[in-house]
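Welcome, and thank you for opening your viewer alongside this tour. Keep the selection panel handy as we go from stop to stop.

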Amino acid sequence: MMTTEHFVLETARAATIQEANQRANLFLTSVSSATIALAFVAQVTRMGLPFVLFSLIMLPCLYFIGLVTFVRAVQVGIEDMVHARGMARIRHYYTEITPSMARYLVHSTHDDHLALLADVGLRPRPWQAFASTAGMVNVVNGAIAGVFAGVMIKAVIGSTLALAVVAGILAFAVSNWCLWQYHSHSWAGAEHKLKVLFPSGPDRSGAAVQRSEGSIGKDDEPEAGRGTQ
C-alpha cells in the first residue's frame, strides 16, 4: 500500500512540475509575441499615437496573463511541497519498520521545511522564491507593469523621459513587492496548516536522519545536510 501511495505522490509531483512549466512557457510566449507586435507597430507608426494606444491596450492584457500564471505557479508549488512531504513520511515509515534501511536512502526522511530544502541542496534565503517559476513570472510581470506605467505617464502627462523612467521603476518595484508578499504569505499559510510529524534533528525512533553522503557531494557533516533548507 505504501509503495502505491509513493507512486501516486511521485506522479502528482511530476504533473505539478509539468503544469508549472507549461504555464510559464505560455506566458513567455505571449510576452515574446507581444514584444514583436509592439516593435512592428512602433516601426510603422514611428512611435506615434497609434503605438501608444496599442501599448496601453496590449500591456494590461499581458500583465493579466502573467498575474494568473503567477498565482497558479504559487498554487502548484504548494501542491508539490505537500506531495514531497508525503513522500518523506513514507520514507520515514520504511525506516521505522527497517531501521537499517536509513543509511541507504538518498532523500530525507523528515517532513519539515528545512529537510525538504536540504534534499535539493538549498539553504533558507529570502530571495530563494525568485528562483522558482513563480518568482521568474513575478519579475517579468513587474517589468511589464513598469513599461505600462512609463508609457502611461508619458502619454497622459506628456512629461519628460526621466519622470517616465522613475514611474516605470516604481511600478516595477511595487508589483514585485506585492506579488512576493502574496507568494510568501501563501507558502507560510500552507506550511502552517501542515503538521510536521518528523522534524529535522534526532529521529524519534532512536536513529538520526541519514541522507546518502554522495547526495551532497563532499559535504559529509550531518549539520550541513540538515541546514541547507
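Which side chain meets that of Arg 72 in a salt bridge? Select Arg 72 and Glu 19: their side chains form that salt bridge, at 2.7 Å from N to O. A salt bridge here is a side-chain nitrogen of Lys or Arg within 4 Å of a carboxyl oxygen of Asp or Glu.

Before moving on, a word on what you are viewing. This is a predicted model, in which local features need pLDDT of at least 70 and side-chain atom pairs count only at pLDDT 80 or more, while totals for chains, interfaces and linings use all residues. Residues are numbered from 1 along each chain as its sequence is written, and side-chain values use heavy atoms, with hydrogens and water left out.

**The whole chain**

Colour by secondary structure and you will find six helices and zero strands. Helices (H or I, at least four residues) and strands (E, at least two) are DSSP runs, numbered from the N terminus. Of the 229 residues, 36% are buried. Buried means under 20% relative accessible area, exposed means over 50%, and partly exposed lies in between (1.4 Å probe, protein chains only). Among contacts (heavy atoms within 4.5 Å) between residues at least 6 apart in sequence, 77% join residues at least 24 apart.

Now colour by pLDDT, the predictor's confidence in each residue, from 0 to 100. The chain averages 83, and 87% of the residues score at least 70. Confidence is highest in helix 4, at a mean of 93, and lowest in helix 6 (residues 222-227), at 39. Select residues 202-229 as well: pLDDT stays under 50 over that stretch. Where pLDDT is low, the predicted coordinates should not be read in detail.

Go back to Arg 72 and Glu 19. Arg 72 is buried, with a relative accessible area of 19%, whereas Glu 19 is partly exposed at 22%.

Next, select Asp 80 and Arg 13, whose side chains meet in a salt bridge of 2.8 Å, N to O. Asp 80 belongs to helix 2 and Arg 13 to helix 1 (residues 2-45), so the pair joins parts 67 residues apart in sequence. Asp 80 is buried at 16% relative accessibility, and Arg 13 is partly exposed at 26%.

**A salt bridge from the loop**

Move to Asp 111 and Arg 89, with a salt bridge of 2.7 Å, N to O. Asp 111 sits in the loop between helix 2 and helix 3, and Arg 89 is in helix 2, 22 residues apart. Asp 111 is buried at 0% relative accessibility, while Arg 89 is partly exposed at 27%. The structure's count comes to six salt bridges.

**Aromatic pairs**

How many aromatic pairs does the structure hold? There are two. Rings of Phe, Tyr and Trp (its six-membered ring) pair if their centres lie within 6.5 Å; planes under 30 degrees apart count as stacked, over 60 as edge-to-face and the rest as tilted. Select Phe 70 and Tyr 182: their ring centres are 6.1 Å apart and their planes are at 55 degrees, so the pair is tilted. Phe 70 is in helix 2 (residues 49-97) and Tyr 182 in helix 5 (residues 161-193), 112 residues apart. Phe 70 is buried at 0%, but Tyr 182 is partly exposed at 35%. In the other pair, Tyr 93 and Tyr 94 have ring centres 6.2 Å apart and planes at 50 degrees, so this pair is tilted too.

Select Asn 176 in helix 5. Asn 176 is buried, at 9% relative accessibility. Beyond residues up to four places away in sequence, Asn 176 touches Phe 130, Asn 138, Val 139 and Gly 142.

Then pick Met 136 in helix 4, which is partly exposed at 31%. Leaving aside neighbours within four places in sequence, Met 136 contacts Ala 24, Leu 28 and Phe 130.

**Last stop: a surface patch**

Finish with Trp 127, Phe 130, Val 139 and Phe 172, which make a nonpolar surface patch of about 380 Å². Patches are made of residues with over 30% relative accessible area and no salt bridge: like charges are joined within 9 Å, nonpolar side chains (Val, Leu, Ile, Met, Phe, Trp, Tyr) within 5 Å. Accessible areas come from the Shrake-Rupley method with a 1.4 Å probe, and for residues only the protein chains shown count as cover. Trp 127 lies in the loop between helix 3 (113-119) and helix 4 (133-156) and is exposed, at 55% relative accessibility.
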